[in-house]
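The following exercises ask the student to read a protein structure step by step. Each task is followed by a worked solution.

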Amino acid sequence: LDTFCYPEVFFRKALAFHYELPDEQLNRLLVLGISKIRLMFCPKEARSRFEEMGFEVEEIDTVQADDNYCRITERIAERWLSQIKGLAMGNDPITLRWMPKYLRERIVPIAAVQSLPEAVEVLGKLSKQIDNKVVWGSQVFNDHIIADTSKQDLVLSLVHDVEVGITIRDHIKFPNLWLKDVPPVWEHENSETYLENQLDAGKIPVCFMHYASDLGHLPILSRYLDLHSIEGIVDGLAFAASWWQYAEEQVEQLYLSQEMGGVYPTAEPLLCSAGIGVATESVGYLTAETYLKSLHQAKKIIESYAGENHIPIGHYSFQDTCPKYQHNTAEPQYEVLIEAGLQYAITYKNEGKFPEIVYSKDDFIVLNQQTTHWTFNPLVDLREWERKLAGAERHGWIIIGLDSPFWGMIPCYFGLASKGLSLTALQEAMIYARDGGESSQLFLAKPHEVVRFARMLKGRNLI
């Protein structure tokens, strides 16, 4: 419990010590003129012990018979509601790692230790009172709870085991003049003539879409950059704007040429989910108002670091049609993406089916992907769709969705995670597509190139 008690210490500007402190040390406090002790979750004999030593004693809180971590931390939060500016969710390791940030930004956790559904309800209630719908921390490895937090109109910024130090750069920033002069990735693509020639030759663009909606996915970036050291590898990476805030130098490698130590222009950044965190984006879950506000906030963050011309034009969701991974059980909110100024999206609507333009309005277009959510067998799925499209002599594309932690985080990329995945398997699939595949009809493309290809197909009434 001591991990979650920091608001009581911090907001009181108090000195804290464990009950087990020996009498000798406590007597020294008396000598220094400290006369009052407040108790938090101490044993029953604590009051009499301290009063007998000459202290004035106040009992702030005790553990009740029906208590759990959620109820205890809810009481702490309610006592300090006037001081709180943000909320967090998670267990004690997450809270310990992020306590410096929580202190600086006046964030208080609601513990979700064997009490996730209850914690979600408490977070929903308190978020309305402090007018902040972004919740930090961890979903404690239960993705289904994200749909429940979205029902409470909350955006989760999941951090997992990422650690941060003192962020002096919050206060001292140098202007990034060189980055603002770099053309955006979507202006450095294959030409219209090239894509038309590929279409005329019956070729099929293949796009690998990496999903990374949270700050907790940040450790994949170094492995992702390694993957792009391979000649001819191109793809899309949808990530949270918070990456810029905590790993600016690393993210900049997406905009540096290989000669300068980066991977530009082989990787196209997209906005992921709610932009600053993850949510179930379906109708009836995260409200359009909060969804739009969160996307705008993400764009402002990116603009402040990289300039307006590098704000992503594409979007990749978490669960735009599939709350709790129940496929095609809800409707997406494409109108929000249009209002946010995005040009295209890759959706889970009609996932795992033949390529189609799922939605279009004016210049905005939405494409489906050929994997069912994220694949754990990219080469198998790629070959299956290669046979389907080439064998049926149908035009289209192949979009392969990838849950990035399984391919780029320790121990996953060593093949030691529960699904036994390895970055080598992903590399093999991407090289297979780069080299044309068995049919010699495949070619690798970035997401926006696939969108341009789809527009060509639509213009010729081929899809």
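A residue is called buried if its relative accessible area is under 20%, exposed if over 50%, and partly exposed in between, with a 1.4 Å probe and protein chains only. The model is predicted, so local features need pLDDT of at least 70 and side-chain atom pairs count only at pLDDT 80 or more, whereas totals for chains, interfaces and linings use all residues. Residues are numbered from 1 along each chain as its sequence is written, and side-chain values use heavy atoms, with hydrogens and water left out.

**Exercise 1.** Determine whether Ile400 is buried or exposed, and list its contacts.

Solution. Step one is to locate the residue: Ile400 belongs to strand 14 (residues 398-403). Strands (E, at least two residues) and helices (H or I, at least four) are DSSP runs numbered from the N terminus. Step two applies the cut-off: Ile400 is buried because its relative accessibility is 0%. Step three concerns contacts, meaning heavy atoms within 4.5 Å. With neighbours within four places in sequence set aside, Ile400 is in contact with Cys207, Phe208, Met209, Thr371, Thr375, Pro378, Asp381 and Leu382.

**Exercise 2.** Carry out the analysis of accessibility and contacts for Gln245.

Solution. Gln245 is part of helix 11 (residues 242-246). Its relative accessible area is 30%, so Gln245 is partly exposed. Not counting residues up to four places away in sequence, Gln245 touches Ile301 and Tyr305. Gln245 and Tyr305 are 60 residues apart in sequence, and their C-alpha atoms are 8.2 Å apart in space.

**Exercise 3.** Describe how helix 9 and helix 18 are arranged.

Solution. Begin with the axes, which are lines fitted to C-alpha atoms, for helices over the stretch in contact; angles run from 0 to 180 degrees between N-to-C directions. The axes of helix 9 (residues 192-200) and helix 18 (residues 447-459) come within 10 Å and cross at roughly 60°. Helix 9 is therefore oblique to helix 18; angles under 35 degrees count as roughly parallel, over 145 as roughly antiparallel, 65 to 115 as roughly perpendicular, and the rest as oblique. On the side of helix 9, Glu192, Leu195, Glu196, Gln198 and Leu199 take part, meeting Glu449, Arg452, Phe453, Met456 and Leu457 of helix 18. These contact residues comprise 5 nonpolar, 1 polar and 4 charged. Here Ala, Val, Leu, Ile, Met, Phe, Trp, Tyr, Cys and Pro count as nonpolar, Asp, Glu, Lys and Arg as charged, and the others, Gly among them, as polar.

**Exercise 4.** Summarise the chain as a whole.

Solution. The chain has 18 helices and 15 strands. Along the principal axes, its C-alpha atoms fill a box of roughly 90 × 45 × 40 Å. Of its 463 residues, 56% count as buried.
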